[in-house]
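Here is a short tour of one protein model and its ligand. Have the sequence and the 3D view at hand as you read.

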Amino acid sequence: MTVPILDLRRSFKDIKPEVFDALERIFENQSFILGSDVSNFERHCEKYLELPEGSAVGCASGTDALLLALMTADVKEGDEVITTPFTFFATSGTVARLGAKPVFVDVDPKTYNINLEQAVSKINKNTKIFLPVHLFGQMCALEEVKEIFNDKGVKIIEDAAQAFGSSRIVDKEIERAGTVGDIGCYSFFPTKNLGGCGDGGMVVTKDLKTAERLKKLRVHGSGTTYYHEEVGINSRLDAIQAAILDIKLKYLEQWNEERIKIADYYKLLFKASGLRDFITPPEVLDGNRHIYHQYVVRVHSDSNPNLRDELMNYLNENGCAVRVYYPLSLHLQPCFKYLGYKEGDFLVSEKLTREVLALPIFPGLQQKEQEEIIETMIKFFKR
Ligand SMILES: *Cc1c(COP(=O)(O)O)cnc(C)c1O
């Protein structure tokens, strides 16, 4: 048996007729950029996220969503952005792109999310933005620090690229990833929980003035065509992407529920396997609805720093596809050398890069495939 890390064909088969109808309609119309498909999808996202009408702005990618969010917060050279080193590159790549300075703090070993206490300790007069990531589909407890940042005039931009549909109960209210801070950013890259058939992204904000500005920034800063109030970028959501995402949005709850069931079954299998001395399954913070964009375990490295890689190679060679997100902490990336960080600065993040291992999790994954992965792991540790 071979178990893939991701097989999008399995969920596509449920929606194929709807998708092909939408494609036919769009090709008949020959209208491909923005338009009613995009605005319909934006309205549906607002409903799903319980945001006011006009607060969702589709754009060309999750990276651009971050870039547009930072631009609309007037982030510029010399500004500091407090963020996590344990994430996909775009989170701080966009900060650096605007000439601002990513200020890293370490992460929490249980949730892999930014250490909020340390984040607060980095606030100074140059701090413009706090940029947390809801990593792998689990939210940060932003309510613990929101007021502190607000009081200091620091805006919160959430990188919710991996967390569309993730939520958290705070004081008996549901808070949704991307809607807690001032601006939220999502990615619709094909592998994300809500993924299109190419690049796509979205920025949301309850401040409708900011949303209006975002709508201009995504079309070169123009409100009226060929009249430019400021210098923006070209970052629009295609009609085709929006139409497909709009269909998928209807299935998202069902698919996220399926991911949660798969995660629960992994947990059960780990408990029964006797592997807990070697492996820690992901932990869920009280109140969180983790939607498992990725199911990431830790392979304990204290007695053998290469154990994770050895296990990964063994699994991959034996038909079980697994991956590492992420193998190098951002503070150690060659392109960020100028920031002056060194090995040892963020011990948790660095340890995670040696220990994390992502197992397959996607709608349509079969229990027998999960069992195969755990059995292959048991074989590895018995050798
Ligand atoms: C995917 C991702 C992005 C970037 O999204 P793209 O649509 O690929 O540009 C940003 N941040 C995080 C945490 C991501 O996982």
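## A buried phenylalanine

Let's start with Phe346, which is found in the loop between helix 9 (307-317) and helix 10 (347-355); helices here are DSSP runs of H or I with at least four residues, numbered from the N terminus. This is a predicted model, in which local features need pLDDT of at least 70, side-chain atom pairs count only at pLDDT 80 or more, and totals for chains, interfaces and linings use all residues. Residues are numbered from 1 along each chain as its sequence is written, and side-chain values use heavy atoms, leaving out hydrogens and water.

Phe346 has a relative accessible area of 7%, so it is buried (under 20% relative accessible area, 1.4 Å probe, protein chains only). Leaving aside neighbours within four places in sequence, Phe346 is in contact with Pro85, Phe104, Val105, Asp106, His331 and Tyr341 (heavy atoms within 4.5 Å). Val105 is 241 residues away along the chain, yet the C-alpha atoms of Phe346 and Val105 are separated by 7.0 Å.

## Around the ligand

Now for the ligand: of the 16 residues around it, Gly62, Thr63, Gln162, Ser187 and Lys192 come nearest (a residue counts if one of its heavy atoms lies within 4 Å). Helix 3 (62-72) and helix 4 (90-97) each supply at least two residues of this shell, and helix 3 gives the largest share, 3 residues.

A nitrogen atom of the ligand is 2.8 Å from a side-chain N or O atom of Asp159. For Gln162, a side-chain N or O atom is 2.8 Å from an oxygen atom of the ligand.

Terms used:
Buried < 20%, exposed > 50% of the residue type's maximum accessible area, 1.4 Å probe, protein only. Polar contact = N/O pair within 3.5 Å; in protein donor to acceptor, adjacent residues only side chain to side chain.
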